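Visitor: I would like a close look at one part of this model, the aromatic pairs and the spaces around them. Could you take me through that part slowly, with the cut-offs behind each term?

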Amino acid sequence: MRGSVNTQSQLAYSADRANQYIAENKGTVNPLYRNRYHASPPVGWMNDPNGFVQFQGAYHLFYQFHPYDAKWGPMHWGHMKSTDLIHWEDLPVALAPDQAYDRSGCFSGSAIERDGKLYLLYTGVTEANEEGVHHQVQCLAVSEDGVNFEKVQQNPVIPVAALPADASQIDFRDPKVFEHEGMYYTVVASKAGDETGQILLYQSADLVEWQFASVFLKGNKEQGIMWECPDFFRLNGKDCLIFPAMQWPQDGDDYQNLNASVLAVGEVDWATKQFHPESYQELDHGLDYYAPQSLEDDKGRRICIGWMQMWGRNFPTDTLGHNWTGSMTIPRELKWEDGKLKQYPIGIEAIADNQGENSPVITMVDTKESIPGIAGDCGLLTLKVDTSGLEKLSIHLRENENERTVVYYDKAKNELGFDRSASGIELKGEEAHPPVSRKVTLSGKSDHLELAIYLDSSSVEVFEKNGEVVMTSNVYPTAEAKGISFECSGKAVFEEATFTPFI
């Protein structure tokens, strides 16, 4: 999902101009809600992660970037790198919309290493034609050092002429490139003529000359109006296709956001080059998670990172004039275990100088109280609770006299929930109901609840310990809010409770 192309895109953009603007204006950013251990832009607007790749000993993260405003605008590619996936070093802007084939925006894409060089495959939004229409095409840029990129003369390497029949020339974007059995492939999102999403597959021997291979997966009317930012990989013997979907219909507690990030699991028939899904599931059950992209690192880990926002919402750091918008989630390792997707946070040890001390075993019965040593607005809260005598447990985070964010567990329903209705600044969306709460039913019955809850300046990420449920959301308290308290109906026995502050 993207904003509409505007007349600003006709200005003379360049990477040099963007880098100069960043240097002169990054000091104007108000840090009040700026996350301390999540990737965020130096100034301006950030959305989709792009080109998430390991290159020359570092993790590189590119991203959709509008340096000149905290709103979506003519898309550039911002760039940062890290050795631990938590501490990020800003690098020069990688791409700017400076050619006829990408003048209206360098939209999302991906990266791959070949022969010691780093290649970026991205969507260019063309200048308007005589009818005022902007087409979307796929373009290539290459770098020897992973910092300075040159767009190839053959651009666009996948023009609209390479589209199959019944595919939109306007909604054709977000290539994710990968290698399979000596051939390069890319999955690209497309809108079909019946107003449904589809994923197209292209193939190449050299990343420059591409041929249409197949309609990799075609959606139906019950699966949204457009798919975006696809990602394809194999995980423990299963083929996995991720795609954010616009207006995927709600199904109980799933897909409650207007736009959802969907994982399809199945098998590819490489003879026909078509993906055959066996199941679909929502990747994150929180309020703010979109357009995840993954890599496989040199340790064999499949690591995923997503945009920690949601389209159609208000963005407080913009409306308050803080001169920045957008952060990424903490990285997650994806695993396929016991026939299920599991997601585990990684990299956090890099910022936890001292592990918080575990409190002694504490029993609460029909009460609300705090636990000594458990407080803070930026850090990791870990809990292991014996729930055998519990009815309901509510964890009040970022709490002060008037505000709080609540994570709750209902034992009878085996339900984990999140509520930001009293978190601070009201966040509004395009959904039929205010985007203030979400819940999900856990898959297995247990007399123990184990949670890892990551708090940052304007975000909360909740991981159920066995990796099956993640809930990611933004919060914006209006006053200092470091309190943490626990309210229970029935008996809760806290066998472990630790808060590790992050500096």
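Guide:

**Aromatic pairs and the spaces in the fold**

Phe216 is buried, and so is Phe232, where buried stands for under 20% relative accessible area, exposed for over 50% and partly exposed for what falls in between, with a 1.4 Å probe and protein chains only. This is a predicted model, in which local features need pLDDT of at least 70 and side-chain atom pairs count only at pLDDT 80 or more, while totals for chains, interfaces and linings use all residues. Residues are numbered from 1 along each chain as its sequence is written, and side-chain values use heavy atoms, with hydrogens and water left out.

The structure holds 27 aromatic pairs; rings of Phe, Tyr and Trp (its six-membered ring) pair if their centres lie within 6.5 Å, and planes under 30 degrees apart count as stacked, over 60 as edge-to-face and the rest as tilted. One of these pairs joins Phe62 and Phe149, edge-to-face, with 5.7 Å from centre to centre and 80° between the planes. Phe62 lies in strand β2 (residues 58–66) and Phe149 in the loop between β7 (136–143) and β8 (150–151), so this pair ties together parts that are 87 residues apart in sequence; strands here are DSSP runs (E, at least two residues), numbered from the N terminus. Both Phe62 and Phe149 are buried.

Phe216 and Phe232 also form an edge-to-face pair, at 5.5 Å centre to centre and with 90° between the planes. That pair links distant parts of the chain, since Phe216 is in strand β12 and Phe232 in strand β14 (residues 231–235), 16 residues apart. Phe216 and Phe232 belong to a cluster linked by ring pairs, which also takes in Phe178, Tyr185, Trp270 and Phe275.

Val215 is likewise found in strand β12, which covers residues 210–218. Val215 counts as partly exposed because its relative accessibility is 27%. With neighbours within four places in sequence set aside, Val215 is in contact (heavy atoms within 4.5 Å) with Gln198, Ile199, Leu200 and Gln274.

Turning to open space, the largest pocket has a volume of about 480 Å³. On a 1 Å grid over the protein atoms alone, a pocket is an open set of points with protein on both sides within 12 Å along at least five of seven lines, a cavity is a set where a 1.4 Å probe fits but cannot get out, and lining residues have an atom within 4 Å of a point. Grid points are joined across faces, edges and corners, and a volume is the space filled by probe spheres set on the points. Of the 21 residues that line the largest pocket, Val177, Phe178, Glu179, Glu296 and Arg302 are the closest to its centre. Strand β9 gives the most to this lining, with five residues.

The largest cavity, by contrast, has a volume of about 60 Å³, and its lining includes Asp48, Cys229 and Gln293.

Conventions:
Helix = DSSP H or I, 4+ residues; strand = E, 2+ residues; numbered from the N terminus.
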